[in-house]
Each structure stands twice: as C-alpha cells, then as structure tokens.
Amino acid sequence: MTPSDDGLFSALMQRGVSRRTFVKFCAAMAGALALPATYAPRIAAAIGSAPRIPIIWLRGQGCGGDGDALLRAASPTVSELLLDLVSVDYSETMMAAAGAAADLALTETMATYSDRYFAVVEGAVPLADDGVFGLTGGRVFRDVVREVCDGALATIAAGSCACDGGLAGAAGGRTGAVGVGAVVGTDRLVNLPGCPVNAANLTATVVHYLTFNELPPRDVRGRPLFAYGGLVHNQCERRSHFEYGEFVLAWGDEAAQKGWCLYKMGCKGPETFANCPTIRYGEGASWPVKAGHGCIGCTMPAFWDTMSPFYQRLPSPLPFAPDLTVDQVGGAAFAGVAALTAAHGAASYVRQRVLGHRTRRGDQQQPVPGPGSAPPPAEATPPEAPEPAEATPPEAPEPTEATPPEAPEPTEATPPEVLVPTEATQPEAHEPPESEPSRAPGPAEPPVDAPSPEPDPFAPEPG
Ligand code: SF4
C-alpha cells in the first residue's frame with residue numbers, strides 16, 4: 001500500500017484496520033503518553049487528519065535490535081502505523097531498494113520534505129580515526145547523520161547505542177562511539193534509550209507530535225518524561241515481595257517459581273528510570289522481570305559500565321546492615337536531621353529567653369552610676385547586644401529618676417552649704433543665748449547669709 005496524502009486514517013482504512021481497532025490504538029497511545037483516557041478522541045482526530053510525515057531511518061554502529069524490535073511488533077500494529085501510515089521512506093534494513101536507488105530515495109525525501117520529516121537514528125556514531133569505523137555508501141556515517149538530522153523537524157535516537165554510544169562506547173571500545181546528541185546537538189533531539197528501544201515509546205513520541213504539534217517534555221538527558229519519568233522499581237509487579245523481604249536467592253529456586261523479588265539476583269530496577277513494567281514489550285505481552293530476569297538498567301547512561309556486573313545485587317548503602325534498603329536508610333536519615341533541627345531550635349529559644357530575663361533583671365538592680373563610681377560590671381553588657389529592644393525599656397526610667405536632682409529648688413541645692421555652717425554653729429547650739437535660758441535647745445539658727453529663711457529640713461533634730 002502506498003501511503004495517502006489524504007490523511008493517516010484514510011490510509012489506515014485502506015489497510016483494512018477497523019475504526020474500533022483504531023480507537024483502541026489511540027487509547028493505548030494515551031496510556032503510553034501518561035495522558036488521561038479522555039485524550040483518546042483528541043489523539044484519534046489528530047492522527048486521522050494528520051498529513052503524511054516521512055521518516056528517514058539511519059543505522060549506525062549497533063546490532064540492529066532496535067529496528068528489529070519495531071518490525072516484530074504484533075498486529076494491529078504499531079509498526080504498520082509507522083511503516084504504512086507515517087511512512088519510512090529510507091531505511092537500509094527495511095527498504096527493498098539498495099545502492100544508488102536507496103541513495104536517491106534518501107536525497108529525494110530530504111529535498112521534498114525539508115524540515116518536515118523525522119530522522120530516526122539507530123546505533124552509535126563512531127568518531128575515532130576520523131570516523132572510518134562507520135561508512136554508509138562510501139561516506140562517513142558521522143557526516144550522513146549531520147546532513148540528515150540538520151534538515152529534519154526532529155531527531156529520535158532509538159536505543160541506548162544511539163543515545164550515548166551503548167556497547168560500542170563502553171570501556172575498552174576502540175571506535176570512539178558516541179551518541180547522536182554529541183554530533184547534532186540536543187535542541188530537537190529525543191533520546192529513547194533501551195536495549196532495544198520500546199517500539200511503543202517510539203510510536204508514542206510521533207503520536208505526541210501529531211497531536212500537540214510539539215515534541216514531548218523531556219528530562220535533562222533528552223528522554224521523554226512520559227516514558228522515563230518513573231523508577232522501574234516503583235512500577236514493578238514484584239514490588240510487594242521486595243517490601244516483605246521475599247527474595248529469589250538462586251535461579252530456579254522456590255522463590256523464583258513464586259515470582260518473588262529479583263533484587264538479590266542483581267535487579268537494577270531501584271536505580272533505573274523507564275516504563276517497561278507498564279508499557280512492556282511485544283504489544284504489552286511481557287518484560288524482563290515478568291519473564292523472571294532482573295532489570296539490567298539498560299535505559300541508564302553508560303549502563304554497560306555503570307550497571308554491571310548484571311547479576312550482582314546493588315551495593316547496600318550500609319555494609320553492616322545489608323538488609324536495609326536505600327529508602328529505609330534515607331527515611332531514617334531524614335528523620336534524624338529533622339529531630340536535630342527541632343532540638344536545636346528549642347535550645348536556641350530557651351537560651352534566648354533565659355538571657356533576656358537576666359538582662360531585664362540586671363538592668364533593674366543596677367544602681368545609677370554616679371560621678372566617680374565604678375564602671376558597670378562587664379557581664380551586664382553582653383545581654384544588651386543581642387536584645388537591644390529589650391534592654392532599652394529599663395534604661396528609659398533612669399532619666400526620670402535622675403530628673404529631680406537636675407531641677408532642684410534653691411533650698412535643695414544648698415544642703416552642702418547648710419552642713420558647713422551647721423558645723424560652724426554647732427557650738428552655738430550647745431551654748432544657748434543668755435537672753436533665753438529657759439528655751440530648750442532647738443535647731444541651729446540659720447546663718448545670716450542663708451539663702452532661705454525657712455527652717456532647714458536637713459538640720460539635725462534637736463537633742
Ligand atoms: S524485581 Fe527488581 S524492579 Fe522488581 S521489585 Fe524487585 S528489585 Fe524492584
């Protein structure tokens with residue numbers, strides 16, 4: 001069948017796919033994109049009216065498993081939708097043409113659909129020795145990738161080799177293999193790691209563009225969040241066995257037959273981001289853990305180096321407590337930090353209250369310094385520094401107490417002068433005048449030059 005420019009749905013009808021099957025596919029795509037089921041009609045409308053979008057599929061340094069995964073998709077067919085509806089115009093491994101005819105198909109597609117085709121790259125890009133380890137039609141694969149991807153509306157790196165070099169780029173590799181992003185940049189690049197890529201995620205990426213006219217949101221590694229936004233461990237059907245400490249300890253043992261957790265057999269699910277448990281492979285038939293094999297973390301960067309040995313369990317965060325999980329250790333550490341923070345806050349509050357109380361009490365008991373008096377004790381100063389606002393009120397009343405001496409009445413200012421003459425007249429008090437012999441000794445007579453004729457209140461009492 002030749003894809004029709006009338007729209008993908010009419011091409012699908014010509015293929016014999018029923019409307020029911022088409023709607024079912026759209027609902028599955030909504031699930032793959034982590035969208036509510038209510039998006040299914042919108043996806044159906046978008047796909048049904050979408051124009052033909054060609055795909056140019058390049059294959060670099062890899063095993064070819066990603067293209068094979070696409071072709072092995074079951075019916076009704078994600079691969080048919082891609083091959084017959086979206087249309088792969090160029091693929092060395094899928095097309096019938098070869099040699100010059102294949103090259104002609106490539107150049108014609110690029111010229112006719114400039115900036116309107118998807119470039120899908122499978123396999124790594126070898127750069128060592130000026131790229132001689134990868135040649136296509138006599139040209140260095142690196143240059144072909146640059147040329148094709150520069151003219152595409154978007155590039156999809158299908159599989160781990162295309163994302164970061166994969167096996168060819170692992171330690172010991174001689175070809176200098178890198179991912180597509182190292183050659184063409186990451187602005188319009190979607191990385192779909194996996195060994196192999198999941199065909200459903202590839203289809204969902206294209207469907208997302210057809211529906212929303214933009215590429216799906218991606219993480220810092222260029223991976224779509226709908227497919228790589230969650231841990232395998234959190235979606236795994238064996239997770240309950242992990243929580244109950246029910247582990248497979250040997251291949252084929254009773255625990256393995258019961259479907260218990262594969263963590264101790266080397267499963268890397270707790271450190272791997274992918275939607276394998278929910279999207280699965282083979283049109284949702286199964287995935288490695290369901291089949292009895294642990295996750296090897298193939299969607300993670302440089303997984304051949306970072307996730308191997310594949311049959312050794314992940315290192316325990318606490319070597320002396322190997323049964324504790326990362327989540328348990330992290331939770332305990334968080335609780336400990338929270339408790340210490342609360343204790344520190346309470347101690348700081350009590351300390352400030354005590355110091356504030358001492359400061360206020362010290363200010364109230366501290367005598368008003370007079371001329372020649374000793375300076376205030378040194379320990380009274382520190383409380384005033386941290387609490388200037390609290391230290392101020394006790395100082396306010398002092399001017400009020402000091403005010404009376406500053407506004408003295410003339411009589412109050414004279415006491416020193418009164419005392420001097422009192423001492424001078426004291427003999428006169430003991431020697432009353434002869435004209436008043438019967439008079440009892442009274443207060444001393446004020447001196448003639450006393451400022452006030454009033455009796456001195458500070459004079460000594462008679463007798
Ligand atoms: S089998 Fe792997 S992914 Fe599944 S619960 Fe166990 S450790 Fe996690």
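Trainee: Which residues are linked in a network of salt bridges?
Mentor: Asp130, Arg142 and Asp143 are linked in that way; a salt bridge is a side-chain nitrogen of Lys or Arg within 4 Å of a carboxyl oxygen of Asp or Glu. This is a predicted model, in which local features need pLDDT of at least 70, side-chain atom pairs count only at pLDDT 80 or more, and totals for chains, interfaces and linings use all residues. Residues are numbered from 1 along each chain as its sequence is written, and side-chain values use heavy atoms, with hydrogens and water left out.

Trainee: How many salt bridges are there in the whole structure?
Mentor: The search finds seven. One of them joins Asp115 to Arg188, with the closest N and O atoms 4.0 Å apart.

Trainee: Where do Asp115 and Arg188 lie?
Mentor: Asp115 is in the loop between α6 (99–112) and β3 (118–122), and Arg188 is in the loop between α10 (181–184) and β9 (189–192), so the pair ties together parts 73 residues apart in sequence. Helices (H or I, at least four residues) and strands (E, at least two) are DSSP runs, numbered from the N terminus.

Trainee: And Arg223 and Asp219, buried or exposed?
Mentor: Both Arg223 and Asp219 are buried, meaning under 20% relative accessible area, where exposed is over 50% and partly exposed is in between (1.4 Å probe, protein chains only). Their closest N and O atoms are 2.9 Å apart in a salt bridge.

Trainee: What about Arg239 and Glu243?
Mentor: Their side chains form a salt bridge at 2.6 Å, N to O. The two residues are four apart in helix α14 (residues 239–243), so about one helical turn separates Arg239 from Glu243.
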